[in-house]
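Subject: Structure for you to look at, with notes

Dear colleague,

Here is the structure that I promised to pass on, together with notes on what I found in it. Please keep it open beside you while you read.

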Amino acid sequence: MVRSDALYWRLFIIFLTNEEGLNFTTFLEEIFASTFVLALGGFFAAFLQAKQKFRLLALLPIIYMGSVVFGIFNWGDIGLWIVGASLLGGGILYFLIGFAFFLYFRGKITWQWLSPPKEWKGFIGDWTRRILNNIGFQLNEVIDLWIAGLLVLGSVTAFSLGNLLGGFLLSIVGVPLSN
């Protein structure tokens, strides 16, 4: 009997030795770079939100996804790496356009913390509730996927989609009701 982890390792080695595996590793590198550039661009998105420039803020993800769709539509038949390149190109556009808006609205980068002490009142209690909520949510995900793994084919997908739908309903219905 072959242990499952040994089987996965063999499949992983076989996958990475062919050309598709190399394209996949390039794809992953481009995704990680895109995520890093998006995280840097998030600073400029937060600046636009602080300046209450919500239309410009909404424009940034549209440009990001538009560049991804443009790249896949025009060059998608080249290979998997073009998807990663489109994601990276979209992330760079997101960053550059956010930076341009930052300069246009005369943003300044300072290293001072100007938050008044009253903002920290009740922080620990709120933080603790949020951490416990996230721990509960992650445990629920793990247990759901473990149970789904014991069921018929497609159960993991059904449970994952159910969790996403639950989060969607919570954000659309639950959050406005709680406020």
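In sorting residues by class, I count Ala, Val, Leu, Ile, Met, Phe, Trp, Tyr, Cys and Pro as nonpolar, Asp, Glu, Lys and Arg as charged, and the others, Gly among them, as polar. By that scheme, the lining of the largest pocket has eight nonpolar, two polar and one charged residues.

Please bear in mind that this is a predicted model, in which local features need pLDDT of at least 70 and side-chain atom pairs count only at pLDDT 80 or more, while totals for chains, interfaces and linings use all residues. Residues are numbered from 1 along each chain as its sequence is written, and side-chain values use heavy atoms, with hydrogens and water left out.

To finish with the pocket: the term stands for an open set of points, on a 1 Å grid over the protein atoms alone, where a 1.4 Å probe fits and protein lies on both sides within 12 Å along at least five of seven lines, and lining residues have an atom within 4 Å of a point. The largest pocket holds about 200 Å³ of space, the volume being that filled by probe spheres set on the points, which are joined across faces, edges and corners. Its lining is made of 11 residues, with Phe43, Lys108, Ile109, Thr110 and Gln112 nearest the centre, and the largest share, four residues, is supplied by helix α2 (residues 19-50).

As for the fold, the protein chain has six helices and zero strands, where helices (H or I, at least four residues) and strands (E, at least two) are DSSP runs numbered from the N terminus. Of its 179 residues, 18% count as buried, a word that means under 20% relative accessible area, with exposed being over 50% and partly exposed in between (1.4 Å probe, protein chains only). Among contacts with a separation of 6 or more, 59% join residues 24 or more positions apart, contact meaning heavy atoms within 4.5 Å.

Helix α5 (residues 123-149) has 27 residues and should span 39 Å at 1.5 Å a residue, which agrees with the 39 Å between its end C-alpha atoms; the expected span is 1.5 Å times one less than the number of residues. Glu141, Asp144 and Ala148 are buried in α5.

Ser34, in helix α2, counts as buried because its relative accessibility is 2%, and, leaving aside neighbours within four places in sequence, Ser34 is in contact with Tyr64, Leu87 and Leu88. Ser67, in helix α3 (residues 54-75), is also buried, at 16% relative accessibility, and its side chain reaches the backbone oxygen of Tyr64 at 2.7 Å. Not counting residues up to four places away in sequence, Ser67 touches Ser86, Gly89, Gly90 and Leu93.

In helix α4 (residues 81-104) lies Phe95, which counts as partly exposed at 25% relative accessibility. Phe95 and Gly41 are 54 residues apart in sequence, yet 4.3 Å apart in space from C-alpha to C-alpha.

Finally, two loop residues deserve a look at the backbone. Most residues other than glycine have a negative phi. Gln52, in the loop between α2 and α3, has a positive phi of about 60 degrees although it is not a glycine, and Arg106, in the loop between α4 and α5, has a positive phi of about 55 degrees.

With best wishes

How values were computed:
Polar contact = N/O pair within 3.5 Å; in protein donor to acceptor, adjacent residues only side chain to side chain.
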